[in-house]
Structures are given as structure tokens and as C-alpha cells.
Amino acid sequence: MSHGEPESFVRKYIFSVDHKVIAKQYMITGLFMALLGGFLAYALRSQLAWPGDSIVGLGVIAPHAYNSVVTLHGTIMVFWVAMPILVAGFGNLLVPLMVGAEDMAFPRLNMLSYWVFFLSTIVIIASFFVPGGAAGGGWTAYPPLSGTVHASGVNWGMNLWILAVALEFVAFLIGGINIITTGINMRVPGMSMWDLPLFVWEELIASIVFLLAVGPLIAGAVMLLLDRSFGTGFYAPSAGGDPLLFQHLFWFFGHPEVYVLLLPALGIMGEVLCAFSRKTIFGYRTIVWSVISAGLLSFVVWAHHQFVSGLDPRLAFPFSVTTILISVPFAVHLFAFIATLYKASIRFTVAMAFTLAMIALFMIGGVTGVINGSAAADIFIHDTYFVVAHFHYTLVPIVFFATFSGIYFWYPKLFGRLMNEGLGWVHFAGTFFFFNLTFIPQFALGLMGHHRRIANPQIFEFLRDGQGLQVLSTIGVIGLLAAQVPFVYNFFASMVRGKPAGRNPWEATTLEWATASPPPHGNFDEPQTAYRGPYVYSPPGEGPDWIPQFEPPAEALEPDTAISETAS
Amino acid sequence: MLDFLPENISSFGGEIDGVITYIWRIILAWLVATEAVLVYLLVRYRRREGRRAAWLPATTWRAKAWILVPAVFVTICDIGIEARSAPVWDEVKLELPEPDLLIRVTGRQFVWTFTYAGPDGELDTADDFEAITDLYVPRDRVVRFQLESADVLHSFWVPVLRLKQDAVPGRSIPGWFEATADGRYEIACAELCGASHTAMRGRLTVQPPEIFDAWSSTMAEQQSL
């Protein structure tokens, strides 16, 4: 163990270099921001259902304030909830444990990463309270609206938005390098790349995609800040600039970013799926290759966000082709998950329920994406609530269903105890039902032609018939928020009242289950070795239905076939 | 669900609705089939005392075929969708037919302005005339527009025409439509453009050509005075 256990409270719980403490910090910050993002969702949905009425807990929303609410809802959910929880939170908690390392490769950088992120969180929250209000140009921040003060009336709100996003990227760049280095370099003896748990693979590829995609956006954001503050004209046609440039830089990052969030979610699901179906993953290498090819393809689909943006219409065809083709690797990935259930022995736990629901719901998000991906259909669908419903059917399963699944599953490694399953089922049922109630009506509204980011649909005659659907969707979001109460209670109460978990409560196979719950500083009592692939569940023959990666082969018992088959 | 689509009064709108319907049927079939398989497996292979899960790592091509063959079918459907969809895009956005009428549509916070080319059929000449918020067009005539913006991004959105195109400052983006039914319809701005984005609402009035011509000459006379 290279660094001893710190003594002081501050070094142990606040400025900690322990990856598990940092993981908790990321997750708890992310969950707190999810409450804020959820409150904004409640605010904007209430405005849409009952335009102009005073909203309980907020008051009347003026039109420019509505724009800020919409902008910050999107910004916070993507950058301050999804990223910290899925990429940084689970990544920090699990990558070192799963590869058998005692910590991340660069523990101090890791601490720096969190505290830069924390600073960005303060900045984005502060942006609500500056004169002129928070940024109101949408989470995509398209100039010229975002590029000048007079276009939007927002001054410091927008500057702080750019600053916060930039800080956040610094944090995740540092974190990403750490995850890549740890996952590749700190594997225990015996663990080849083809023995890595899927979660580690998906985190690695997500981190690499993020590193490659984020540069152009940082450049774009810097130019935006210069345009705003120093009178440059990168995006101002009057000065020879072009507003479309920003859209390209944004979406060159923005679309891969969707997969940066998706991959860790799929990784979580892979672990949960195998553990509770008691079955090895179907087509381990096929999945890894599908993820790699999706990662590559993700860099050539971005302009599908811009079919009707003024892009040369001849470019629609190639981007439409790549977009529709990216459905193939993800179809392979999901089919592999579904095939894993064939001839399984499925244990229905709350963690498993969230993973299965994620598969079921994500498919709705996936197939509706094909409509948006067709340039011709997009002429009608673009910037309508159909798109809103589509990406919430992808992102909510990714960001919330997979996260909840992971939290119920790895809670022992966070706090040494199990969460309450009864409350968990209430949480699951409420979340599943109200999520669908929220977003199914939005598909219908989108098909009616309901365009995005308007504060009052009732002023349009063609949307008046949809008011019932608006109310339904709003009731959905209120229910969805209410369904989180049992979770929040369960999350905190289980820290003290939960059943002590023991090392391996789910009888799972990967290395994080080799150590105590929660793992001590330095993670493992003794150095670990990986003796086989990650998912030896129900190997042929008699005996227990799982053989952990870390269990030394018992000469007589160990079937050689099991080793070679999982490893390949 | 597709019944929610609004009325269509555009010559190419039927084609766009056709693409949406075509894709809708394919994805619905896939969705129902996949969800059905998922639910079946969950019920069929729920935990039973004494039943051990099978060892299926799918390392052989024969095993992988169970997921790769469906993926090939996905690819075939993708190609079919693209083949159905690409020509419609070309018709709407690339192959602009000879216009009967030329208009400049300008988005400006938070109003749509329509500049008619007037009797000479050319913009930026003395006989141009303007209409604010209200767009009048003749039925069954090809209308060519040049879409521009005076300030920020806007998006010219006419649901009944199945027409959407962003307006970008510094660019003049050509487009066209042909309305096929008389009546009054709504125009919206579909790209967030500032505090009163919601209120950026226009009206489209489609008239029989002879009534439009009369209106057009009156407007040209009035504005040239």
C-alpha cells in the first residue's frame, strides 16, 4: 500500500485522495444536482400545462426566465448529473476495484478533478443569481443568441455558464486520463484486456471518446467567450464569422457525448445482468467490438442535428447514412444483453429490475431515433417534442435507470450495507410508471407539430387540442419526482440501518467483491490475481453457480474449459 | 399515434408523411418483436429451484449468429429506410422547381417579415412590397423563398406545409413550397430566439390565384406610393 490511511477528518472525507471517497463526492454532488434539475423540469412542465399560473415553490415564470429554466435543466442534467454520476462517480468507484488496483493511477489528480468540478458546480448555481438571470440560449448555446448581450438580455449568466462548462471539462479531462491509465496500466497479474469486466471496457472507451471529442467544443466555447467579452466576431457574420461554425463544434462534441454517457450505463447493466441472470455474458468480444465501432462511428454523425440548420443540403445524405448505421452496433449490443437472458436463472432484485427496464425503455428511445435520423422525416420532426421525447427515452434510462441499478447493486461497496428492497420496489414502480406517463404524451405532442422551447403552447391554435396531453405529461413529472422520495430516504437511511452486506452479497464474480464492504483504504487486504474471465456464472458441471475471477483454481474442481472459454 | 399529425396542405407534405409512416411501421414491428422476446425470456427463465443457467459464452460464429443475424436485418431495414427517405429530402430541399412567385422571408426578434418580388419577379427592386406577420400565397403555385435573418437564429416552421428551415444571419437560404388548399394557417419560429420566442407567430393565408393576384397588385400600388 503506497499511501497510508489519513488521520484527519479533512484529509479523509473532504480533500481525500481515496478513489472511493471521491466517487461518493461525485455521486452525491450529482444526485443533489439531479434534484435541482428535476425541480427545473417540474417548473417548466408546470408552465406548459398551466401557462402563466403561479407555480408552487417558484411563482410566475416570465418568458425570459422560462428560457433560463429550460437551458439550465438541460445543462445541469447532462453536465452536472449524468457526467459526474456515470462517468466520474461509478468510474472512480469501480475501475480501480475491478482491475484490482489499490487506488487510481493519479490519486492527487483525482482529488483535483473533483474539486475543479465542485468549483464548476458553484459557478453554475451562482449563475442563477446574477443580474440578468441565468443563461437562456438553450443547453446548446447557439450564437448569435448566446453570443451577444443585447440578443438575449443575459449578461453574466451566460459568461458564468461558459466558465462553468469549461471548468467542468477540465475536471473530466483530468478524470478521463486517470480512468484510462488506471484501466489499462493497473490491472492485476493475470488480467488481460480480454478479462476486463465490461464496465471497465465501456468506461475506457467512453473516456477516450470524451478526450477526442471535447477539444473542438472547448475551442468553440473560448471563441464564444471572446465574441461576448472582447468583441471578436468568430460567430458574427457582420465581422466575417459564421454562426454555423459553433453548431459544428458543439455537435462534434455533443453527439459523441451522448455515447460517453451511454457506455458506462451499458457497462453497469452488463455487470448487473450477469450477476442476476447467473449467466455469462453472451458474446463478450462481440460486445466490446460493437462498442469500439460505435465509438468510432460517433465522430461522423454530428451533422444530423443540423439537417435544417442551413447546412448545405447535399450533406444530409452522408450524415443520414452514418446516423442510421450507428443503430447497428447498438442493436448488436442490446441483442447480446437480451440473449444473455436465454436459458438464464433470473433473480428479480431492484437492481435487476432497473437494468431490465432500461433495456425495454432504451429500445423505444433507440427506434424513435431512426425517424429523426432520416433527413426527410426530420424536416417535420426536428425541434419538436417528438425529439424531446426521443432523447428523454434514451437519456433517462441511461442517466437514471442505469444509475439506480448501479446504486442498488454496489451500495455495499459504497457504504457496507444493503439498501432496502421493499422501498426499492416502490421506487422502481413509481419511476417506471411516471416516466412513461411523462414522455409518451410528448411523442404525440411532437407529431402535432409542437415546437420546442416555447413557454406557452396555448397561443398556437394547432396546439390547443394538445393541452390535455400537456397536463398529463406534467402530472407524470410530478409523480416522477415524488417517486424519488423513497429512494432518497432509502439512500441515506440504509447507511446506518441497512443490513450489513458482507463481501459478496450477490454472489458476483468480479474483483470488487473480493474485498470487504466497504473496501478499506488501499482496497484489498492482500494483492489480487485474476485467474479467469469476469463472468464465470453457472459453468458446466456441478458445483457453485459462480466462480469469482479472484478465486484460485482448486486443482480438481477447476474445469480448464471454463478458463479458456471465458477468456476468449 | 400518427393520427396526431396535423392537416397537410403541401404538395410534398404527403411524401414526408409517407416517409414517417414507412419508418414508423418498421420500428414498431421491431419494437414489438424485441420487447416480446424480452418479456418472454424474463418469464420463461425466471429463477426456479434446481434449475441451473446454461453456459453460453457465444465464442463461436454459430452462437454469435443469434445476435449478428438480427443485426444484419437491422442493417437491411436501415438501407431500406435511407432509400425511401433520401429522394424525398432531395425533392424538398435540393431540387427547387421553377417558381411562380418569389418572396424573401426575414426572421427578426420576434416577427416574420415577407418581402414580395412584385410584378418584375425580382427582389431588391423598386416594385417590391412587404407584408409583416401575414404571409399570403396563391394556391397551387410554386412559391420560392429566400430565408434570411436580421439578428439571431430563427426557424421558419409551417406545420401544415411540412416545412422547416433555420434562418441564419449572413446567409440567404433558398427553399420552396406549393400550398394545395385555401385557408388560414399558422407559422411559428422553431429555433429558440430570445425572450419572446414563443410569440414569434405568423399567419399563412392560402388563396385562389385570382384573389391573390388582386391583393398583390393592390399591395404593390400602395407601397410604391
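**View 1. The end of helix 3 in chain A.** In this predicted model, A:G100 comes after helix 3 of chain A and has a positive phi, near 80°. The helix itself consists of 37 residues. From its first C-alpha to its last, helix 3 of chain A reaches 51 Å, close to the 54 Å expected at 1.5 Å a residue.

**View 2. The bend in helix 3 of chain A.** At A:G91, helix 3 of chain A bends by about 45°. Of the 37 residues of this helix, 33 are buried, so the rest of the structure largely encloses helix 3 of chain A.

**View 3. The largest nonpolar core.** This core has 260 residues, and the members that touch the most others are A:F354 and A:V399. Helix 3 of chain A (residues 63-99) supplies the largest share of the core, 23 residues. Chain B also takes part: at least three residues come from each of its domain 1 (2-48 + 56-94) and domain 2 (101-224).

**View 4. The surroundings of A:V399.** With neighbours within four places in sequence left aside, A:V399 is in contact with A:M77, A:V81, A:A82, A:L86 and A:L261.

**View 5. The contact between chain A and chain B.** Chain A gives 88 residues to the contact, and chain B gives 76 residues. On the side of chain A that touches chain B, the largest share is the nine residues from helix 12 (residues 350-373) of chain A. That side of chain A is made up of 53 nonpolar, 24 polar and 11 charged residues.

How values were computed:
Residues are numbered from 1 along each chain as its sequence is written. Chains are lettered from A and ligands numbered from 1 in the order in which they are written. This is a predicted model: local features need pLDDT of at least 70, side-chain atom pairs count only at pLDDT 80 or more; totals for chains, interfaces and linings use all residues. A nonpolar core is a set of buried Ala, Val, Leu, Ile, Met, Phe, Trp, Tyr and Cys residues joined through C-beta atoms within 7 Å. A residue is buried if 20 or more other C-beta atoms lie within 10 Å of its own, exposed if 12 or fewer, and partly exposed in between; C-beta atoms are placed from the backbone. Helices (H or I, at least four residues) and strands (E, at least two) are DSSP runs, numbered from the N terminus. Domain bounds come from an automatic or database domain assignment. Two residues are in contact if their C-beta atoms, placed from the backbone, lie within 7 Å. The expected span of a helix is 1.5 Å times one less than its number of residues. The bend at a residue is the angle between axes fitted to the seven residues ending there and the seven starting there. Ala, Val, Leu, Ile, Met, Phe, Trp, Tyr, Cys and Pro count as nonpolar, Asp, Glu, Lys and Arg as charged, and the others, Gly among them, as polar.
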